[in-house]
Amino acid sequence: MSITVEELSSQWRKEGKRYASQINEYVRQGMACNWEEEIKEPADDNRSKLAGKVLKEIKAANENGQFDDLRELFPPATWPFNEAFQEAMQGIEPIGVLQNQIAIVQKTNKNNPEIYTVTADSLECIPGLYAAGLSQDRRYVAVADQYGIRIIEDANRLLEGTQTATFSWGAIKTNIHKLMPNVQTVADEENPSTSLIKIIPFAQGTRVLVVSHAGSFIASTESELIWLLPDPAQYEEDEDEEEGIFLGDAMGHAAISPDEQWVAFGSQCSDHMMLNLKSMQVYETYPVSSYPHYCSFSVDGKAVWFNSCHFYNGDTIKVTLEEVVSGKRQDEEWPLMDEGMRVYAAAVTTAGQILGDAYGYLRYIDHSGEELWRFHIGSTISGLAVSEDEQLLVAGTYGGMLHFIDLQSGEMDQYAIGTAAIKETARWLIWKEEQPLRW
């Protein structure tokens with residue numbers, strides 16, 4: 001090892017320890033006094049001036065295939081790269097973990113469509129796919145390309161397997177136009193795949209939930225479709241006789257209950273919505289904050305956690321399905337799980353949910369709303385996925401970094417910011433116009 005690398009490593013590690021230690025102490029003092037006292041903030045992280053040189057070392061390790069000492073020499077960090085490499089960064093969203101700890105990952109940027117299957121030490125790129133989704137039982141994968149959506153059973157590393165259903169964009173467009181003539185939706189997109197936010201296959205591999213920037217729906221066969229949002233009636237006063245109504249909406253989101261009897265969904269212009277797929281009854285509850293932003297079911301399927309946001313902050317409530325149906329609770333009575341987070345993603349576990357927010361924090365909240373731990377990964381969270389055994393958490397960010405985190409490590413990394421006894425074990429940098437880099 002050259003003196004130059006040794007000195008670079010020493011500076012990087014020393015400053016990383018200093019910054020993490022001081023930030024953790026700052027947050028500890030703030031939380032102890034509920035931020036009611038004035039606390040001196042630590043000096044800024046000075047590693048940004050070293051980031052370019054460290055990136056060269058990461059690239060060299062990838063070119064040579066020598067990773068044994070890389071994380072020890074240069075413990076991973078995000079914030080030192082944020083300013084200098086902002087233009088290269090893109091959203092990387094994990095959407096599920098298959099067997100053998102293989103994560104399915106998609107870009108949030110649809111200009112150059114690619115899906116990846118990634119482990120801690122290997123990555124496969126599958127070009128031409130705009131979106132992917134994993135069923136509740138992890139048996140079915142949905143993939144979307146320029147032609148439509150396919151559902152695959154028992155997919156391999158290249159997402160190949162037995163095809164159980166196909167939904168062409170032509171058929172989907174026809175069905176939407178039959179339901180809502182003179183209304184502009186995702187059916188009027190030249191390539192609807194470019195507007196996709198999320199696709200989730202149901203078990204049995206014959207239905208798929210689709211969330212896009214121009215409408216959300218469930219496709220069950222080539223001839224059946226359930227439209228969810230937006231509601232055309234909300235737009236009637238804006239109708240232009242020549243052009244019709246445009247159902248563009250922001251912050252579309254949805255989730256399927258573990259027993260697949262319910263779909264929770266919403267968008268910026270809706271309330272929190274729940275559809276019972278047996279009765280086809282829709283239930284609504286009002287958001288605590290300004291705009292519905294995210295939803296996820298509890299692991300037992302008895303409750304939905306709904307997040308609503310205002311700028312970069314927000315609130316998360318827990319809505320119990322039994323009480324929704326019975327009408328026992330009023331909107332304002334739903335328990336708050338968190339006050340403060342604009343939630344972009346969640347990983348559902350037996351003990352609660354790990355929420356990822358706009359500021360790059362993961363917070364583990366139990367079923368009663370108590371914070372178990374927090375962990376900062378440095379950039380707005382774009383997606384979270386947890387393995388079936390709840391040991392591996394895969395987190396993606398809009399900084400183009402993919403984090404593999406051991407939830408059961410029982411130790412806290414000395415370079416980490418937070419209170420969690422968990423440890424990142426691997427990381428990938430997946431940036432624009434760059435080969436993915438293992439770190």
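Biologist: Which residues does Ser257 touch, not counting residues up to four places away in sequence?

Modeller: Contact means heavy atoms within 4.5 Å. By that rule, Ser257 touches Gln136, Trp262 and Phe297, with residues up to four places away in sequence not counted. This is a predicted model, where local features need pLDDT of at least 70 and side-chain atom pairs count only at pLDDT 80 or more, while totals for chains, interfaces and linings use all residues. Residues are numbered from 1 along each chain as its sequence is written, and side-chain values use heavy atoms, leaving out hydrogens and water.

Biologist: Where does Ser257 lie, and is Ser257 buried or exposed?

Modeller: Helices (H or I, at least four residues) and strands (E, at least two) are DSSP runs, numbered from the N terminus. Ser257 lies in the loop between strand S15 (253–256) and strand S16 (262–266). Buried means under 20% relative accessible area, exposed over 50%, and partly exposed in between (1.4 Å probe, protein chains only). Ser257 counts as buried because its relative accessible area is 0%.

Biologist: Which backbone nitrogen does the side chain of Ser257 reach?

Modeller: That of Gln261, at 3.1 Å.

Biologist: How many salt bridges does a search of the whole structure find?

Modeller: A salt bridge is a side-chain nitrogen of Lys or Arg within 4 Å of a carboxyl oxygen of Asp or Glu. The search finds 15. One of them joins the side chains of Arg47 and Asp45 at 2.8 Å, N to O. Arg47 is buried because its relative accessibility is 2%, and Asp45 is buried at 14%.

Biologist: What separates the N and O atoms of Asp145 and Arg150?

Modeller: The side chains of Asp145 and Arg150 meet in a salt bridge at 3.8 Å, N to O. Asp145 is buried at 14% relative accessibility, whereas Arg150 is partly exposed at 25%.

Biologist: Which residue forms a salt bridge with Glu424?

Modeller: Arg427, with the closest N and O atoms 3.0 Å apart. Glu424 is buried at 10% relative accessible area, and Arg427 is buried at 4%. Elsewhere, salt bridges that share partners join Asp357, Arg363, Glu371 and Arg374 into one network.

Biologist: Which residues make the nonpolar surface patch?

Modeller: Phe311, Tyr312 and Tyr359 make a patch of about 380 Å². Patches take residues with over 30% relative accessible area and no salt bridge, joining like charges within 9 Å and nonpolar side chains (Val, Leu, Ile, Met, Phe, Trp, Tyr) within 5 Å; accessible areas come from the Shrake-Rupley method with a 1.4 Å probe, and for residues only the protein chains shown count as cover. Phe311 lies in the loop between strand S20 (303–310) and strand S21 (313–320), and is exposed, with a relative accessible area of 65%.

Note on methods. A polar contact is a pair of N or O atoms within 3.5 Å; within protein, one must be able to donate a hydrogen and the other to accept it, and residues adjacent in sequence count only if both atoms are side-chain atoms.
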